[in-house]
Amino acid sequence: MTDLAIAANGLRKSYGDKTVLDGVDLAVPEGTIFSLLGPNGAGKTTAVKILSTLVTADAGDLRVGGHDLAVDPQAVRASIGVTGQFSAVDGLITGEENMWLTADLHHLSRAEGRRVAAELLERFDLAQAAKKPASTYSGGMKRRLDIAMTLVGAPRIIFLDEPTTGLDPRSRHTMWQIIRELVTDGVTVFLTTQYLEEADELADRIAVLNGGRIAAEGTAEELKRIVPGGHVRLRFTDPAAYRDAATALPASTGDDAALALQIPSDGSQRALRTVLDRLDAAGVEADELTVHTPDLDDVFFALTGGAAVPAQTDPLKETVR
Ligand SMILES: Nc1ncnc2c1ncn2[C@@H]1O[C@H](COP(=O)(O)OP(=O)(O)OP(=O)(O)O)[C@@H](O)[C@H]1O
Ligand SMILES: [Mg+2]
């Protein structure tokens with residue numbers, strides 16, 4: 001158990017009669033990125049606040065950095081850094097002053113504080129803007145400053161609550177790079193996100209939080225295997241061809257307006273050949289054929305009860321046997 005940076009067993013939290021976390025288990029090995037996914041209100045921020053000692057749990061055996069949260073929250077606090085969902089940056093003072101203030105909070109000497117601040121501002125590409133009020137920073141710059149402030153105390157475990165929400169694609173990729181570099185240095189990252197692509201891109205392991213419980217947990221690959229999101233899509237321009245193809249492929253789902261058919265499929269050559277053979281036998285030709293492999297969006301929708309994924313209970317075998 002000593003190689004776990006974060007371990008939670010039976011974590012519970014209610015607000016009034018609303019149960020937010022209903023027995024959550026988490027295990028995050030040191031030096032890895034763990035991503036907690038979940039829809040709005042799932043309890044991601046609550047989990048982060050509890051694990052970072054800002055809020056007390058109702059129940060659960062919780063250990064962070066090898067310390068028991070209930071026994072030694074002070075030791076936990078000393079080993080972690082937290083970047084909250086809402087910025088801790090003070091807009092009225094400069095980026096540099098924000099860093100100095102954080103260094104003071106960590107009881108660094110004046111000289112040490114200035115050195116660490118300058119180093120981090122440089123590393124996060126904020127040296128140019130260091131003497132400007134933080135209120136003049138762009139969203140991406142504020143987010144980078146937020147994380148730079150989190151790193152002042154050189155924490156071994158970092159909690160990032162939706163670090164890239166609201167960032168443009170370029171800033172998001174910069175943030176991903178920063179997060180990867182942290183882990184290269186051996187830091188453990190606990191990250192919440194709404195973006196499945198982000199979890200897919202960064203996380204060693206992912207947990208999907210829904211209805212107060214972990215609905216699924218694993219690597220991105222493992223999660224994708226749970227959900228039959230893969231399909232072949234055929235598009236037609238001739239309505240008659242569309243109808244004939246629908247008859248030839250009884251397990252397909254049709255979109256009459258788009259003249260498109262969707263057939264559950266694992267995307268293998270054999271499965272594709274079966275579809276094509278059926279079309280050949282019926283004498284129809286599709287104008288467009290695309291293969292879709294399941295992605296984390298499919299997993300997310302399936303596990304969090306979203307309606308965006310059509311029911312795909314028939315596996316390919318039933319379609320084209
Ligand atoms: N201090 C509080 N008092 C009462 N209810 C709270 C409190 N904090 C959170 N909640 C409730 O707990 C639930 C989970 O909230 P939380 O902020 O943890 O969700 P989240 O997964 O972070 O959502 P989002 O994606 O919107 O950030 C919500 O229903 C919220 O209203
Ligand atoms: Mg939140």
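Author: A definition comes first: helices are DSSP runs of H or I with at least four residues, numbered from the N terminus. The model is predicted.

Reader: Which residues of α11 are buried?
Author: Buried means under 20% relative accessible area. Cover for the buried residues of α11 comes from elements including β3 (33-37), α7 (196-202), β9 (205-210) and α8 (220-226). The buried residues themselves are L296, D298, V299 and F300.

Reader: Is T53 buried or exposed?
Author: T53 sits in the loop between α1 and β4 (59-64). T53 is not a glycine, yet its phi is positive, about 70 degrees. The cut-off for buried is under 20%. T53 has 17% relative accessibility, so it counts as buried.

Reader: And A154, buried or exposed?
Author: A154 lies in the loop between α5 (139-151) and β7 (157-161). A154 also is no glycine and has a positive phi, about 50 degrees. Exposed means over 50%. At 57% relative accessibility, A154 therefore counts as exposed.

Reader: On to the ligand. What percentage of the accessible area of ligand 1 does the protein cover?
Author: Polar side-chain atoms reach oxygen atoms of ligand 1 from N40 at 2.9 Å and from K44 at 2.7 Å. Q194 has a side-chain N or O atom 2.9 Å from an oxygen atom of ligand 1. On its own, ligand 1 has 640 Å² of accessible area, and the protein covers 63%.

Reader: Which element gives the most residues to the shell around ligand 1?
Author: Two or more residues come from each of β2 (18-29) and α1 (44-51). The top contribution is three residues, and it comes from α1.

Reader: How many residues of the shell are charged?
Author: There are 14 residues around ligand 1, and K18, G41, K44, T45 and T46 come nearest. By class, four are nonpolar and seven are polar. The charged residues number three.

Reader: Last, the domains. How far apart are the C-alpha centres of domain 1 and domain 2?
Author: The domain assignment gives domain 1 as 4-224 and domain 2 as 231-319. Their C-alpha centres are separated by 41 Å.

Reader: How many residues does each domain give to the contact?
Author: Contact here means heavy atoms within 4.5 Å. Domain 1 gives 14 residues, and domain 2 gives eight.

Terms used:
Residues are numbered from 1 along each chain as its sequence is written. Chains are lettered from A and ligands numbered from 1 in the order in which they are written. This is a predicted model: local features need pLDDT of at least 70, side-chain atom pairs count only at pLDDT 80 or more; totals for chains, interfaces and linings use all residues. Side-chain values use heavy atoms; hydrogens and water are left out. Buried means under 20% relative accessible area, exposed over 50%, partly exposed in between (1.4 Å probe, protein chains only). A residue is near a molecule or strand if one of its heavy atoms lies within 4 Å of it. A polar contact is a pair of N or O atoms within 3.5 Å; within protein, one must be able to donate a hydrogen and the other to accept it, and residues adjacent in sequence count only if both atoms are side-chain atoms. Accessible areas come from the Shrake-Rupley method with a 1.4 Å probe; for residues, only the protein chains shown count as cover. Ala, Val, Leu, Ile, Met, Phe, Trp, Tyr, Cys and Pro count as nonpolar, Asp, Glu, Lys and Arg as charged, and the others, Gly among them, as polar. Domain bounds come from an automatic or database domain assignment.
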